[in-house]
Amino acid sequence: MTDSPAVTDELGVSGWPEPERERGRRATALATSIYAGHVRDQGTPYLNHPVRVVAILKNELGVSDPDLLILGLLHDALEISPSAEPRVESDLGDDFVRRLRSMTPDHRLEQRPKQPRDVDAWHNKGRALGPEELLVRLADRIDNLRDLRNSPDPDRRARFLASLTRTYLPLAEESREVSAPLRAAYELLSTEYRQQAKGAT
């Protein structure tokens, strides 16, 4: 899925009221442009991942809020292309950029190599997320877990599972009573983690 109409359809933009509909079209154009040419380590187009995150939010976690679905679509935009921040701000506003920055590793924003201290900084940044940003991040983790078996790098799989046990599973458990979508995310993430952990042993 690499074309704007397909992404717009996945977001469900046609069913949104204006001005959310126009905002969705702008977000779709940004996503297809920013993620273009990037691939996951599995060799698939990067855009497929955020589109699946949108599908998880909509179809499995019960999210219908347009801005939250747009956040799911663009959640990795500044990680993939920090230089795109002015474009995102121009099209979607500074509050949206603030939310994206809260979900993006500092070393990516600063365009520098990752350092040992960044592990703790990322853990702390995750713990500071608001409920909606956390929900998007958990949907992201769910999709990454499902796709993990396709990764050619066993060390990446081990690091990912370790980060789940350290940060995201505890966060999901602590937040599960905040809302029905967060409770559903906790249950999905826990189930996917158990399946992956069992397969890794």
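**The α3–α4 contact**

Author: From α3, P50, V51, V53, V54, L57 and K58 meet L68, L69, G72 and L73 of α4 (contact: heavy atoms within 4.5 Å; helices: DSSP runs of H or I, at least four residues, numbered from the N terminus). This is a predicted model, in which local features need pLDDT of at least 70 and side-chain atom pairs pLDDT 80 or more, while totals for chains, interfaces and linings use all residues. Residues are numbered from 1 along each chain as its sequence is written, and side-chain values use heavy atoms, without hydrogens or water.

The contact of α3 with α4 divides into 8 nonpolar, 1 polar and 1 charged residues (nonpolar: Ala, Val, Leu, Ile, Met, Phe, Trp, Tyr, Cys, Pro; charged: Asp, Glu, Lys, Arg; polar: the others, Gly among them).

Now the geometry. α3 spans residues 48–60 and α4 residues 66–73. Their axes come within 7 Å and cross at roughly 150° (lines fitted to C-alpha atoms over the stretch in contact; angles from 0 to 180 degrees between N-to-C directions). The crossing is right-handed (near helix turned clockwise from the far one by less than a right angle).

The largest cavity has about 30 Å³ of space, filled by probe spheres set on the joined points. Its lining is S102, M103, W122, K125, G126, L129, R137 and Y168. α9 gives the largest share, 3 residues. By class, the cavity lining has 4 nonpolar, 2 polar and 2 charged residues.

How values were computed. Helix = DSSP H or I, 4+ residues; strand = E, 2+ residues; numbered from the N terminus. 1 Å grid on protein atoms, 1.4 Å probe; cavity = no way out; pocket = protein on both sides within 12 Å on 5 of 7 lines; lining within 4 Å.
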